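Subject: Structure handover

Hello,

Here is the structure you are taking over. Please open it before reading the notes below.

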Amino acid sequence: AVWRRFMEMSWPMAMIGLSGILYTYLDSALLGYWGFVEETGWYNAAYSIIHVVLVPAGLIATSVYPISSKLFKDSEDRFQGTLQVQINVMILLAVPLVTGGIALAPRIIGVLYGPEYLASVPALQILLLIVVFVFVGIPLQYGFFAAAKQMTMLYVTTAGAVVNILLNVLLIPRFTLYGAAAATLATYALMFALQLFAVRQI
């Protein structure tokens with residue numbers, strides 16, 4: 001009975017992880033599949049920087065999650081207050097990262113990869129915009145987990161994965177790595193909007 005209960009709680013988390021893998025790595029796979037080999041390198045150079053920039057958001061959210069889980073059971077007001085503080089902190093971190101990153105993108109790419117990778121600058125500038133959606137959205141995501149609403153997040157990430165596939169198929173053949181970056185940005189924007197909608201419903 002205990003293991004059955006754990007499986008019931010955890011299988012949506014596994015599916016959320018699979019959806020995340022899809023909308024994170026499918027674009028690179030499709031770029032390579034359609035023969036945009038050089039563009040795949042440029043795109044992954046930009047995306048690697050985004051992965052590093054997103055690390056603080058994950059660390060903060062996972063650190064606060066045990067507290068949020070307890071507060072959800074003990075006090076709805078304190079739970080919401082903690083969630084709001086997280087969101088405020090994330091906004092304070094995200095805004096300078098995004099604005100500074102967009103302004104300094106040519107220099108960042110030049111220093112890290114060299115002038116032959118400058119074609120990845122516009123992709124990096126597009127991808128930097130997802131930082132806002134991730135930083136503000138991740139407290140909401142962990143809030144759903146604390147409230148045992150894993151299925152809500154599964155619906156959100158599944159919708160994101162489906163939209164990401166469609167947009168990549170439409171945009172990559174025409175715009176290569178910039179189409180992939182735009183598809184990624186649209187995916188994260190959609191998932192953030194769905195999270196906000198779900199929060200208001202709950």
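Predicted model: local features only at pLDDT ≥ 70, side-chain atom pairs only at ≥ 80, totals over all residues.

Residues are numbered from 1 along each chain as its sequence is written, and side-chain values use heavy atoms, with hydrogens and water left out.

Helix 1

Helix 1 covers residues 2-33 and contains Leu-18. (Helices are DSSP runs of H or I with at least four residues, numbered from the N terminus.) Leu-18 belongs to a nonpolar surface patch of about 530 Å², which it makes together with Trp-11, Met-15, Ile-21 and Tyr-25. A patch is made of residues with over 30% relative accessible area and no salt bridge; nonpolar side chains (Val, Leu, Ile, Met, Phe, Trp, Tyr) are joined within 5 Å, and like charges within 9 Å. The areas come from the Shrake-Rupley method with a 1.4 Å probe, and for residues only the protein chains shown count as cover.

Leu-22 also lies in helix 1. Leu-22 counts as partly exposed, at 37% relative accessibility. (Buried means under 20% relative accessible area, exposed means over 50%, and partly exposed is in between, with a 1.4 Å probe and protein chains only.) Apart from neighbours within four places in sequence, Leu-22 is in contact with Ala-161, Asn-164 and Ile-165, where contact means heavy atoms within 4.5 Å. Leu-22 and Asp-77 are 55 residues apart along the chain, and their C-alpha atoms are separated by 36 Å.

Ser-28 is another residue of helix 1. Is Ser-28 buried or exposed? Ser-28 counts as buried, because its relative accessibility is 13%. Its side chain is joined to that of Asn-44 by a polar contact of 3.0 Å. (A polar contact is a pair of N or O atoms within 3.5 Å; within protein, one must be able to donate a hydrogen and the other to accept it, and residues adjacent in sequence count only if both atoms are side-chain atoms.) Not counting residues up to four places away in sequence, Ser-28 touches Thr-40, Tyr-43 and Asn-44.

Helix 7

Asn-164 is found in helix 7, which covers residues 150-201. Asn-164 is buried, with a relative accessible area of 0%. Which side chain does the side chain of Asn-164 make a polar contact with? The partner is Thr-187, at 3.0 Å. Beyond four places in sequence, Asn-164 touches Leu-22, Tyr-23, Leu-26, Ala-183, Thr-184 and Thr-187.

Thr-176 lies in helix 7 as well. Thr-176 has a positive phi of about 50 degrees although it is not a glycine. Thr-176 is buried, with a relative accessible area of 14%.

Another positive phi belongs to Ala-148, where the value is near 60 degrees, again in a residue other than glycine. Ala-148 lies in the loop between helix 6 and helix 7. Ala-148 is exposed, at 55% relative accessible area.

The salt bridge

How many salt bridges are there by the rule used here? The count comes to one. The rule asks for a side-chain nitrogen of Lys or Arg within 4 Å of a carboxyl oxygen of Asp or Glu. Lys-70 and Asp-74 form this bridge, with their closest N and O atoms 2.6 Å apart. Both residues lie in helix 3 (residues 55-74), four residues apart, which is about one turn of the helix. Lys-70 is exposed, with a relative accessible area of 53%.

Helix 5 and its cover

In helix 5 (residues 121-128), the buried residues are Val-121, Ala-123, Leu-124, Leu-127 and Leu-128. They cover an arc of only 160 degrees around the axis, so they are on the same side of helix 5. (The arc is that of the directions from the helix axis to the C-beta atoms.) Their cover includes helix 2 (37-53), helix 4 (76-113), helix 6 (130-146) and helix 7.

Ala-105 lies in helix 4. Ala-105 counts as buried, at 0% relative accessibility. Leaving out residues up to four places away in sequence, Ala-105 touches Val-121, Leu-124 and Gln-125.

Regards

Notes:
Helix = DSSP H or I, 4+ residues; strand = E, 2+ residues; numbered from the N terminus.
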